[in-house]
Amino acid sequence: MAASVYAFFGIQGSGKGTQAKLLAEEFLLKHISMGDMLREMAASGSLLGQNVKELIDAGNLVPNEIIVQVAEERLQKPDCIHGIVLDGFIRTDVQAVAIDAMLKSIGKPLTAAVLIDLPEAEIFSRLNDRLSCPVDGSVYNLKTAPPKQAGICDQCGANLLQRADDMDTEFIKTRIQHFYDSTGKAIEYFRSLNKLISVNGCQHIAAVYRELKSKLGL
Ligand SMILES: [Zn+2]
């Protein structure tokens, strides 16, 4: 049987990254995010890596053809043999089509696309409850994951802050709109192939994870 390949989708704050990592850990799948993969390739010193490094250093977007090439090479490494979790990897419908075809061509077809679904109102309430550490970047949530001592980072003792981004309603609305406009089309592509499963993200982490596994038949 071919190794399982999952692609996770979800707006920032949906808990998508947490769920992707939980699944990867339990089933020994390789967790890969786009940022990590491109940084790793840039540091590799290969010809393709140098190409990626130049684009990143110049602050340019890495074009789709190169992303697909990098992914094709990365996903065939031995650590991907038990399966793969692609986290926030596919951002547009063009990438969805290209990466879906590439996965088939390397004999690792997509098993399922996973959407951790969160209504807009819930996104705002979560961002409102979010605190982060200005020193080490640890993130807390007043309702779901509060610090041990109010307002103080568990890791380093610094005073926690609410990020300006998290309080800027217009900025958040723009970010949500952007997600639906671009990534929404990628999600629709997988829905049209009957490969999309949607999980209710408005639950505690453990409950989201239970629903996820049940819908994946795991
Ligand atoms: Zn800290």
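**View A. The open sheet, strand by strand.** Five strands line up as β2-β3-β1-β4-β7 in an open sheet of 5 strands, with parallel pairing (strands are DSSP E runs of at least two residues, helices are H or I runs of at least four, both numbered from the N terminus; two strands pair if DSSP finds at least two bridges between them). β2 (30-33) and β7 (196-200) are the edge strands with a single partner each, so one side of each has no neighbour in the sheet. On average, neighbouring strands are turned by 25° against each other, direction ignored. This is a predicted model: local features need pLDDT of at least 70, side-chain atom pairs count only at pLDDT 80 or more, and totals for chains, interfaces and linings use all residues. Residue numbers start from 1 along each chain as its sequence is written.

**View B. β1 alongside β3.** Here β1 (residues 4-9) pairs with β3 (residues 83-87) in the parallel sense, over 5 bridges. Look for serine 4, which sits opposite glycine 83 of β3.

**View C. Around leucine 86.** Leaving out residues up to four places away in sequence, leucine 86 touches Tyr6, Ala7, Phe8 and Ile32 (contact: C-beta atoms, placed from the backbone, within 7 Å).

**View D. α2 crossing α4.** The axes of α2 (residues 34-43) and α4 (residues 64-74) come within 11 Å and cross at roughly 85° (axes are lines fitted to C-alpha atoms, for helices over the stretch in contact, and angles run from 0 to 180 degrees between N-to-C directions). At the contact, Met37, Leu38 and Met41 from α2 meet Val70, Ala71 and Arg74 from α4.

Definitions and conventions: Two residues are in contact if their C-beta atoms, placed from the backbone, lie within 7 Å.
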